[in-house]
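Here are my notes on the structure you sent, as numbered points. Please read them with the coordinates open.

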Amino acid sequence: MAELAVDKHVKYILAVEKNKDSFESVVMDHLRMNGAYWGLTALDLLGKLDSVNVDEVISWILKCQHESGGFSGNIGHDPHILYTLSAVQVLALFNKLDVLDIDKVATYITGLQNEDGSFSGDMWGEVDTRFSYIAICCLSILCCLGKINVEKAVSYILSCKNLDGGFGCTPGGESHAGQIFCCVGALALTGSLHYVDKDLLGWWLCERQVKSGGLNGRPEKLPDVCYSWWVLSSLIMIDRVHWIDKEKLVKFILDCQDVENGGISDRPDDAVDVYHTYFGVAGLSLLNYPGLKAIDPAYALPVDVVNRIFFSG
Amino acid sequence: MHGRPRKAPKPEDEAASSAKAQKLRALQTQFFTFHHNKIYTKEAVELSAKLLEINPESYTAWNYRKLAVEHYLNLPDCNPDSIKSVLDDELRVVENALRQNFKSYGAWHHRKWVLSKGHSSIDNELRLLDKFQKADSRNFHAWNYRRYVAESMKRSEQDELKYAEDMIYTNFSNYSAWHNRSVLLSALFEKKAGGFLLKEKVLPEEYEFIHQAIFTDPDDQSGWFYHLWLLDQTVTTDSPLLASSWPGHGSDVLLVGDRCYNGSAFSPFSALHSDSGSFPIVLYFNQPVGGVNSSTVTVECGFNKNEDLFWKPLSASNSQTARVWVAHLKVPSSDLHSTVEVSVGHSKGIISTRGFVYSHPSMFSFKVHVQPMERDSSQVSVAENISLREENFKVYGTQSEESIIDSFDQLIIKNGHETTASNWRFEALAKEIECFRELLSLVDCKIGKLTLARLLKAYDAMSYPFANKLVHSEEVLELYSDLMKLDPTHYQFYKDEHSIVLLQKYKVSASSAICDPICLRLNNLSLSRMGAFEKLLWVQMLDLSHNELQSIEGLEAMQLLSCLSLRNNKLRSLTALEPLRKLKSLRILDISYNQIGDQSIDTTRYVCSSPLSHSVGSELNRDETVTSDVALINNWEAFFIFKDFNLNQLDIVGNTIADEKFKSVLVKIMPKLKQLDGKLLD
């Protein structure tokens, strides 16, 4: 079986961070904050977070904060809840949450909760359970979850529960592994997993594993390394991960590496990117691959970072 | 980011990419100038359209366009025609963007936003949707948008059902269409009063429909989950029922006052040793319910006032619903023989999590005998390990009919509620069983075996209260064994199902002439999961050693447990022990030779009421230290799990985590512990 080419991936991630001139990079300009979270968390899991200049990263992050308290995907762009979470997560990685005016960030997020408990992504009102997860995860990291109406947030998420045990982006929306991760994660963080039918959802999730050993995101779709995170972390949070073949999944992820140039792709022999590199490494961490830091399935941050937030003396 | 082949970058590619990048960056820079300066001229807005055509994911541009639209709509000289033209432009830009990427969240949301301004017709939107859904029938953005349009323009459920049906007939492998169908049908089931009638007619038709999908290509998953939903709709009685209780109806409970540790005190074995001066009444429902309290459950006995009883749900965190509820009856220390009557649900209030009211009041009664023990003048001494002695135990196995003791079934509440209204359920199941047997005779497929197993289990469960035995267990066990070989990727899933059926199947046989057993041996059965708890509420001493348990989910129901062995299993974390926190009588625990500490990923961290989840009144004070030298951060799992235990004896050897340092932490967390790994503590 192939091995994880740690050094190559570290080099790849650092190179992506520096390369701002390719077309791929410009086209992803607006979500650089997400990219920072993917790249830096992957580096931390690989034990190489110290390869980057902390101060540069933090100064850039703070330049992305707006008056409203929210963060944009990059300098010049509008604020959005998606990038606010990534910003907070990156600061947590570096143990620099104290550079934040926590009330300001919390105000931005609480302002996005709607009457029915759902969350909008920004002032323009798109509603999606992804944003429910983001709000709950973000405020949880900042230890002020009580500032939103948790009960209503939970009941909105439950209204998106489907008859197959999964969750969609809005009520009636088809079950999709990404949405399931968000809803299960949000329920986990609010101590509400007892609302999940773990056996029913567990079976739906474990049937994402296809013959090649990879996981897809919903029935009759192709496997993709990013589902090694969305599906796997969901299975772990509901304690059903033993229902898949973990070894076969490890092999699939390792087969998606570009062992020469570094990076991981969605499927073997496809183009690599930092998104799939992160999810591949995070997936391997969840599968207890040796040499990687343990990652928390709900916060999507290393376990020692989460413990530090909750138990620091 | 998805589905692009890996290519070695060639210099001419890099140059082209760089040129494209520069062009896009120039466009972006110009756009930012307009956006930050709130410039909404025609050219400025056109530029944003160009940007979005190249990169529909550039979300700030969609925001800008909304601001531009609002700017125009607020101009003094705007009129219906100019408004229409402005909004038409937006719809055109969205269509162009969707052509580039029909999964763009920004594009779809922008269209919704434009629609909210009151423009476009339902026909127009459906036409657009049809185009996209034909191009990709699984595009969930399109389906979501379709549901939005259908609702805001009040399209009927029947029309939408027809659309889903048409999509399915075009291609059975359309999970999205089946999903939509299930959403529409449930809404219809809910709307109609007397839902049973509708289900009786609709479900057989849906079964016919889904068979076409499953039988055409058994390996295609699109129909599997829909069929499971149909099965659930067929068997689930809406109203919750009381499945079992402890004490069981007609039983005798002998309470012995004090705990002693020499062997003779354990005889007679029907005695419940209570060192707390009380004993539990356990109610086990067939689904999670709320609203169990002293108004909805009345306990009549001479020595306790009903209003003083406090019913607790046995569930994680602060949930007010659970399958298992318990209340404790305080027992006087004097000699006592008394009858207790428990009435459940005679007044309304018990309600399932699905919202259905408990509507079949039931009653059970039992006798309580209190026998105070003579106290030894010396303190309680622990002269020897409590051994799980052979003769104490009921052996689990297959005995002949004659020696079977239906002690399990004493606990099962006989519900005489099933009337002829449920015949359609049996008919539907019988028909499905026949269909799937036929399928399996033609092709040896996974979904055939799994569905047949589920159908047979459902059939038995529905007939069980009357038939008093599980007719199909052997066949079901064989099906799961087949599946473990046929689909090894999901081996553990089938193993878990197999374990539960195994537990439900067997009856206990007496190995001694005791009427009411208290001990049960379930070792060496390759159990990977526990279940059948409704039958096991009577157990005080349980031997689960030498199995493959990696979870003890549900064990909190066994409220009488005082002695538990989980030796030689596959428990991987301390948090997996959480169900034991609810076992207030547990004094002896053996978790030796498990795998606690082997792995760094904890799969029960969130299913237990972990302090990492922000449930209200989270139990752990984060600034606490166990003692001045034991930091919480390194041992929070141990602290969280063990601090409320009242153990006398613990075995933990053979786990990676159990080094001397950890054992000394445990001793600090549990000052009342008398024995650890066979060593007496002072």
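This is a predicted model: local features need pLDDT of at least 70, side-chain atom pairs count only at pLDDT 80 or more; totals for chains, interfaces and linings use all residues.

How many salt bridges does the count come to over all chains?

1. Over all chains, the count comes to 46 salt bridges. Side chains of opposite charge can pair when their charged atoms come close.

2. B:Lys201 and B:Glu205 form a salt bridge through their side chains, at 3.6 Å from N to O. Both residues belong to helix 10 of chain B, which covers residues 195-216. They are four residues apart, about one turn of the helix.

3. Between chain B and chain A there are seven salt bridges. Among them is the pair B:Arg25 and A:Asp29, whose closest N and O atoms are 3.9 Å apart. The cut-off for a salt bridge is 4 Å, so this pair falls within it.

4. The contact between the two chains involves 84 residues of chain B and 95 residues of chain A. Together the chains bury about 7900 Å², and 55% of that lies on carbon and sulfur atoms. Of the area that chain B buries against chain A, 11% comes from B:Arg6, B:Tyr59 and B:Tyr606, more than from any other three residues.

5. Two packed helices are described by the angle between their axes and the distance between the axes. In chain B, helix 1 (residues 11-36) and helix 3 (residues 59-73) have axes that come within 11 Å and cross at roughly 40°. These two helices of chain B are therefore oblique to each other, and helix 1 passes helix 3 in a left-handed crossing.

6. Which residues of helix 1 of chain B meet helix 3 of chain B? They are B:Phe31, B:Phe32, B:Phe34 and B:His35, and their partners in helix 3 are B:Thr60, B:Ala61, B:Tyr64 and B:Leu67.

7. In chain A, the axes of helix 4 (residues 54-63) and helix 5 (residues 81-93) come within 11 Å and cross at roughly 155°. An angle over 145 degrees counts as roughly antiparallel, and helix 4 and helix 5 of chain A are therefore roughly antiparallel to each other. Their crossing is left-handed. Helix 4 contributes A:Val57, A:Ile58 and A:Ile61 to the contact, and helix 5 contributes A:Ala87, A:Val90 and A:Leu91. These residues divide into six nonpolar, no polar and no charged.

Key:
Residues are numbered from 1 along each chain as its sequence is written. Chains are lettered from A and ligands numbered from 1 in the order in which they are written. Side-chain values use heavy atoms; hydrogens and water are left out. Axes are lines fitted to C-alpha atoms, for helices over the stretch in contact, and angles run from 0 to 180 degrees between N-to-C directions. Angles under 35 degrees count as roughly parallel, over 145 as roughly antiparallel, 65 to 115 as roughly perpendicular and the rest as oblique. A crossing is left-handed if the near helix is turned anticlockwise from the far one by less than a right angle, and right-handed if clockwise. Contact means heavy atoms within 4.5 Å. Buried area is the accessible area (1.4 Å probe) that two parts lose on being put together, summed over both. Ala, Val, Leu, Ile, Met, Phe, Trp, Tyr, Cys and Pro count as nonpolar, Asp, Glu, Lys and Arg as charged, and the others, Gly among them, as polar.
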